[in-house]
Amino acid sequence: MAPGVRLVQKVSSTRAFARIAPHVVPAMDRTVHRLTRGRVLLSAQMLPGVVLTVPGARSGQLRTTPLACMPEKGRGSGSGDGHGSGEGGGSWILVGSNFGRAGHPAWTANLLAHPDGAVISWKGHDIPVRARLLTGEERAVVWEAALKFWPPYAAYQARIDREIRLFRLERRDGQV
């Protein structure tokens, strides 16, 4: 792993980062994503990222949120067209860490309310997806993979009382 990544992991594990990042990172990501017509997410220079669009849980208005993701190769109903995980097909794991802050991020409530209403922008492609909250043994296995993928998730979980929500997003059937 590159020294720069280790530094970012160390910084992103701090409480100061948890206070500042939620106000800065998504705004920068949304702006760059819009200006590059969906081709670039700044935060994706460290971690793979998607832009999630899903109706609000209460309002029903579309909400757009840039998020880090953990691509899973070879899962789900990928079409093999190269627009899935980037390697053909796949699914994506979203981690509702909220930068280690106390409350669940709003986008998790939106996915719980509208699991079939989500679309992600992945590498410049809009992909309709179905979201599923992971529980039990399935969640435990994915959580271990997430900790290997981005170790700061352990620091986030250690400083909060809630269990961090994990979602698997899979391409909706019949969608290419």
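**Note on the predicted model: contacts and salt bridges**

1. Among contacts in the chain between residues at least 6 apart in sequence, 65% join residues at least 24 apart. The structure under discussion is a predicted model, and the points below treat its overall make-up before turning to particular residue pairs.

2. The secondary structure amounts to 5 helices and 7 strands.

3. The chain has 176 residues, of which 41% count as buried. Its exposed surface comes to about 9100 Å², and carbon and sulfur atoms supply 55% of that area.

4. How many salt bridges does the count give? The count comes to 5. One of them joins Glu72 and Arg168, whose closest N and O atoms are 2.7 Å apart. Since Glu72 belongs to strand 3 (residues 70-72) and Arg168 to strand 7 (residues 165-171), this pair ties together parts that are 96 residues apart in sequence. Both Glu72 and Arg168 are buried.

5. Arg168 also forms a salt bridge with Glu138, and here the closest N and O atoms are 2.6 Å apart. Arg168 lies in strand 7 and Glu138 in helix 4 (residues 136-149), so a strand and a helix are tied together by residues 30 apart in sequence. Are the two partners buried or exposed? Arg168 has a relative accessible area of 4% and is therefore buried, as the cut-off for that class is under 20%. Glu138, at 30% relative accessibility, counts as partly exposed.

6. Glu72, Arg132, Glu138 and Arg168 are linked in a network of salt bridges. A student examining the model may wish to locate these four residues together.

7. A further salt bridge brings together the side chains of Asp116 and Arg130, with an N to O distance of 2.6 Å. Asp116 is located in the loop between helix 3 (106-113) and strand 5 (118-122), while Arg130 is in strand 6 (residues 125-133), so the pair ties together parts that are 14 residues apart in sequence. Asp116 is partly exposed, with a relative accessible area of 40%. Arg130 is likewise partly exposed, its relative accessible area being 35%.

Conventions:
Residues numbered from 1 in each chain as written. Predicted model: local features only at pLDDT ≥ 70, side-chain atom pairs only at ≥ 80, totals over all residues. Heavy atoms only, no water. Helix = DSSP H or I, 4+ residues; strand = E, 2+ residues; numbered from the N terminus. Buried < 20%, exposed > 50% of the residue type's maximum accessible area, 1.4 Å probe, protein only. Contact = heavy atoms within 4.5 Å. Areas by Shrake-Rupley, 256 points an atom, 1.4 Å probe, with all protein chains shown as cover.
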